[in-house]
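Please read it alongside the sequence and the model.

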Amino acid sequence: MKKDMVKAQQAQDIQRRISSGEDALVMDMKFSQNLIKYRKKAGLTQSQLAAALMVTPQAVSKWEKGSYPDSELLPLLARTLGVSLDSLFGLTDDSGMLDLGTASAEKIRRLPPENKGRFVMEQFYSMLCAYNMNTAPENIKYPEAFAHETFAHLRTDHELGLARLNPDMQYICFMRIPEKGINSYFSISQRIMELFGFLSDENALKIISYAETLGRNYILTKECISKKLDIPLDIVSDIVDRLEHFGIMWQLTANTGGEPFPIYGYVHNIPLVGILTLAESLVHFLSCREPDIDIWTRPPFRAEE
């Protein structure tokens, strides 16, 4: 009896939070999807579940389409399906463990756009800190202030992780190391050497930096780039052709009634932005690491056997 009273109180609390919108995470836990899953797992039809709860099949159908039962019914519903209320509302998985993936995903969905990035950074920082077995969970806290340019650093036999934490520029880089090493993916190819040679050109970096400021589907001509950046047209032409060679720009032909002429679109390429961002960090030597987790025995590049 006492156990049922506790469950009833939990059910009322969940229902109150759903109705009031107080807890968006609980409200968004896909109750209807879980109800369908656990009903089928229990081998019950909608009519059979309705009979067990002494409600109509139409009521069960409505619950499975997005509405909720009265709080008084929730303990009986959970008991009939053989699951906990937390599992029914998606707060834990079938084993009773907290479903972190679902919880995090639903939290991100409910956050305003300007707060999503901070939440992701905080989650990554906590997970990275957890690699240090000597750090108690209660001591993992995202730093609020930085006296230096600060990085979170992780290096194990299986992963590499790096995050810049300072508010003027924050990023995350996490990499799983293949069994045969990163060099099984990366190769010293002619195209790689061409790319790094190309990126060492100051004018190429100026054009890329300018193009990255433009909006989506923005069309350029070589002449407008030359005028905007005060770079000779022949140099701009060569750089734009090379950008097209690497797939960073693409060419179309425009015809406005006179002689057709080429126009160019810029591909806002995330790996390229990542290369430039990491390069900036690299030249600062990644001097301050908080935390610095270094627990590897084999390098990320593997020697050939």
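Which residue forms a salt bridge with glutamate 122, and how far apart are the closest N and O atoms? The partner is arginine 118, with the closest N and O atoms 2.8 Å apart.

## Basis of the model

This is a predicted model, in which local features need pLDDT of at least 70 and side-chain atom pairs count only at pLDDT 80 or more, while totals for chains, interfaces and linings use all residues. Residues are numbered from 1 along each chain as its sequence is written, and side-chain values use heavy atoms, with hydrogens and water left out.

## Salt bridges

The whole structure holds 9 salt bridges (a side-chain nitrogen of Lys or Arg within 4 Å of a carboxyl oxygen of Asp or Glu). Glutamate 122 and arginine 118 both lie in helix H9, residues 113–129, at a spacing of 4 residues, about one turn of the helix (helices are DSSP runs of H or I with at least four residues, strands runs of E with at least two, numbered from the N terminus). Glutamate 122 is partly exposed at 24% relative accessibility (buried means under 20% relative accessible area, exposed over 50%, partly exposed in between, with a 1.4 Å probe and protein chains only).

Glutamate 149 and arginine 164 also meet in a salt bridge, at 2.7 Å from N to O. Glutamate 149 lies in the loop between H9 and strand S1 and arginine 164 in strand S2, so the pair ties together parts 15 residues apart in sequence.

## An open sheet

Three strands form an open, antiparallel sheet in the order S4-S6-S5 (two strands pair if DSSP finds at least two bridges between them).
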